[in-house]
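User: I want to go through a structure and check how each label was reached. Please show it, and I will ask about the labels in turn.

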Amino acid sequence: DSERALLNYLLTKLYKIDADIIVGHDLAGYTIELLVNRLSFHKVPNWSRLGRLKRSVVPSTKGKGQIERIALTGRLLCDVKTSAKELIRSRSYDLDTLCQNVLHFKEGKRTELSDEDFRYAFCNGGTLIDAVWHLMSDASYVLRIFFELNILPLALQITNIAGNVMSRTLMGGRSERNEFLLLHAFYSKDYILPDKEFRKSVAKEDIDLADGTTMETLNTKSSRKKPSYAGGLVLDPKVGFYDDLILLMDFNSLYPSIIQEYNICFTTIPVYQITMEDSFTDTYNRYFPNENVERGILPTEIRKLVESRKGVKEILKKDSTLTPEQRAQYDIRQMALKLTANSMYGCLGFTHSRFYAKPLAALVTAKGREILMNTKKMVESYGYDVIYGDTDSIMINTKTKQYDQVYQIGRKIKSEVNKCYKQVELDIDGVFKFMLLLKKKKYAAVSLTKLPNGELFEKREMKGLDIVRRDWSQLSAEAGKFVLKQILSDQSRDDRIESIHGYLENIRQDLEAGKVPLTLLTVTKQLTKSPEDYVDSKALPHVQVALRINKSSSKRFKQGDTVSYVICLDGTNNPATQRAYHIDELKSNNNLTIDTEYYLSQQVHPVIARLCDPIDGTDAATIARCLGLDPTKYKRQVYESGDVDEDEGTFGKKDEEKFKDCEKFSFICKREECGAENVVDHPIRKLDNGVELLFLEHCSNRECTLRPIEYLPMIQNKLHLRVRAHIQKYSEGWLRCEDSTCDYRSNVINMNFEKAYPVCQMCGQSTMRREITSFQLYNQLCYYSYMFDINKATQKPIKYEPEVVAAYKKVYDQMAQILSQNRCSIINLGLLFSQLMGN
């Protein structure tokens, strides 16, 4: 009849059952902490019955996992949310999403009860029974996920391999498992290991400067800091759509294999002798030990793991007497061995690991880059085209459509490459029928697999695309999947484009009619830290939602959680990032409506435009038109070349294309009775009756008698002011993020560059590009110059009055002088080498 009595009843039940393991969802960091806080609030004396060790002081520390560790001493805690993050990939790890991904529930089968629903449940017996039934159902779902993922037996196998404590294995943390495995290995060889450092203050990092000196800087984001050494090599992709068969080859466990191949270990390489200077990339090979050096601890342990896994897989393959239970146990063990072996390299590069050694990690990645580059050169020497490569894999355009022939090519390359190494092994990973390669780490393809009966099985694969990222709505994902299905199909080009455009028009109609379910409009994003720790929460919609929900509801978002939200119209003029609301807020507030324009312009359009970028027949402007958006906002201004040919000839079609995006020059007639605006878009003004007139000879108003040539100084002054305005606009140096969904604008350059472009300070993903490039400025000035080049006015041989020719030449010379001072993208080689030639 009270919360205190209910808590006492729970403790009594738990004490009588005396459970060895407690299984639940979102226990760590929320449920157990909330339970302990309520026990403390009501001053329940036997609160320590949560665990098996009697305590008197209620834990209050805020350290990660500390409350759970103290309160549940003597019992194992299994949080299926924590375990699922390691074992499967998912857009979100809330219970509803896990039920769909692991238990294959249909959307809507499990209902989510809000705080208001639970309060209402206590109104009568019927609703209370329904609420209890809902909680019991959730408990059964959690238990089914627990068994489906084999969480407990897998944790047991990993604990046996690593030699750590099982309670810590269940709480995640691969680094700690690797530490224990290596601790046992080094201890068995009589090595004394350094104590692990627990940094309470901000970590300090040594930053290598260009002059070879080092400086200590505070690493304010140490947990998310990128490695301070070069990682894996990513080859520049040859962007495009491929309908020839693409061969995918990769190295099996490249980094663990390199450690074994080159005997990389603390016991074989004096780490303190490795200097991480700029010359490291050229001299790293001299640090590798000789072949006669005894095998190190690290490669030996990795070899044991690899050999053990091979042995287990051999048993699974050959022993036909195994029962289903035995087969499942062996499969779990080989998975545990794989997870442990593949994470061994990570302990060298993880700054908080006891075995952190940046020089050794740099040696491994440097050799990996060398191996990938040598493989690329070998493949190209055979006449094949490497279209992409990433760390341990390469993609080869075989220029054939015969599946068997592709495998012959693969076997030949595999044989030749593997002759160069003892432990490093290249293998065929797959064959792609179609491939859409967009940029680094972003592609989609249709893979081919030959079945035992000889048939070819097709399957679509995606990597790094917006539609597989969690921070895009399901509507964007579904639209992207449909478009990919059309692109990666056997349809003709016209049929593909037609079906894509028709589908986009249907999306617009459904959104405007309110037929799109809220689940498709939901955007999910993970909290990388506690919501209260974000500095600029106004620019982060998921943080704003989390802060509001934490204040108004018993539900609490914390670091690592994924927050779901929708963008709504709320009657304010705030940007979309400040109009994010949780679905529960939308359902309970009648003043909120879905912002359809946001979803069309910021969710659907960017995803589809990127996918269709290499496809002929459509572009960003056409896609915008299908979605009911303004196509002029999405016209791309791409200049393939910065060359300007000043001797092109007459003002023809090529010049019209070149200057189509330039600002037109205009001036007002000086005659007070006229005041007509003269817009100059061509050296000649062509009348409706076909008559051609020079614009300096006649006003655009046919009835005006004042010739523009008579007030030429005013025209020159107006032109000079327009030129200065363009130069000033260019000099302001405004940059804009190339990602239309971010659209961040600034004239401050970020010191973090990706190739030649600064990285966006807002999204941190895309690069910043100049709003006005040097070529655009030069092209604009050239346009003004062409307007007054009377020699390019017409192809007909016409003799003009000397006064008119002189007027045009005067303005043309004025522009020539300005152009000579602003040739930002033009180099005069004659002037450049004049001193050498003695001129």
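This is a predicted model: local features need pLDDT of at least 70, side-chain atom pairs count only at pLDDT 80 or more; totals for chains, interfaces and linings use all residues.

User: What makes lysine 412 count as lying over the face of tyrosine 382?

Analyst: Lysine 412 is 4.7 Å from the ring centre of tyrosine 382. Residues are numbered from 1 along each chain as its sequence is written, and side-chain values use heavy atoms, leaving out hydrogens and water.

User: How many helices and strands does the protein chain have?

Analyst: The protein chain has 30 helices and 24 strands.

User: Why is asparagine 263 called buried?

Analyst: Its relative accessibility is 5%. Buried means under 20% relative accessible area, exposed over 50%, and partly exposed in between (1.4 Å probe, protein chains only), so asparagine 263 is buried. It sits in the loop between helix H11 (254–261) and helix H12 (280–283). Its contacts (heavy atoms within 4.5 Å), leaving aside neighbours within four places in sequence, include Ile258, Thr268, Pro289 and Arg295. In the protein chain of 839 residues, 43% are buried.

User: Which label does phenylalanine 241 get, buried or partly exposed?

Analyst: Phenylalanine 241 has 23% relative accessibility, so it counts as partly exposed. This residue is in strand S5 (residues 240–242). Among the residues it touches are Phe434, Met435, Ile487 and Pro614. Methionine 435 is 194 residues away along the chain, yet the two C-alpha atoms are separated by 5.8 Å.

User: Why is the pair of phenylalanine 105 and tyrosine 141 called edge-to-face?

Analyst: The structure holds 22 aromatic pairs. In this one the ring centres are 5.0 Å apart and the planes stand at 85°, so the pair is edge-to-face. It links distant parts of the chain, with phenylalanine 105 in the loop between helix H5 (95–102) and helix H6 (115–121) and tyrosine 141 in helix H7, 36 residues apart. Rings of Phe, Tyr and Trp (its six-membered ring) pair if their centres lie within 6.5 Å; planes under 30 degrees apart are stacked, over 60 edge-to-face, and the rest tilted. Phenylalanine 105 is buried at 8% relative accessibility, and tyrosine 141 is buried at 13%.

User: What is the angle between the planes of phenylalanine 788 and tyrosine 808?

Analyst: The planes are 50° apart and the centres 6.3 Å apart, and this pair is tilted. Phenylalanine 788 is in the loop between helix H27 (774–787) and helix H28 (802–821), and tyrosine 808 is in helix H28, 20 residues away. Both residues are buried. They belong to one aromatic cluster that includes Phe665, Tyr711 and Tyr783.

User: How do you know that lysine 450 and aspartate 404 form a salt bridge?

Analyst: Their closest N and O atoms are 2.8 Å apart. The pair joins strand S10 (residues 442–450), which holds lysine 450, to helix H17 (residues 403–418), which holds aspartate 404, 46 residues apart. A salt bridge needs a side-chain nitrogen of Lys or Arg within 4 Å of a carboxyl oxygen of Asp or Glu, so 2.8 Å qualifies. By this rule the count comes to 38.

User: What separates lysine 304 and glutamate 301 along helix H13?

Analyst: They are 3 residues apart in helix H13 (residues 297–318), about one helical turn. Lysine 304 is partly exposed at 49%, whereas glutamate 301 is buried at 13%.

User: What makes lysine 419 exposed?

Analyst: Its relative accessible area is 60%, so lysine 419 is exposed. Glutamate 416, its salt-bridge partner at 3.3 Å, N to O, is partly exposed at 27%.

User: Which residues make the nonpolar surface patch of about 570 Å²?

Analyst: Phe122, Leu128, Val132, Trp133 and Met136 make it. Patch residues have over 30% relative accessible area and no salt bridge, with like charges joined within 9 Å and nonpolar side chains (Val, Leu, Ile, Met, Phe, Trp, Tyr) within 5 Å. Valine 132, in helix H7 (residues 125–148), has 40% relative accessible area, so this value passes the 30% limit. Areas come from the Shrake-Rupley method with a 1.4 Å probe, and for residues only the protein chains shown count as cover.

Methods
Helices (H or I, at least four residues) and strands (E, at least two) are DSSP runs, numbered from the N terminus. A charge sits over a ring if NZ of Lys or CZ of Arg is within 6 Å of the ring centre and within 35 degrees of the ring normal.
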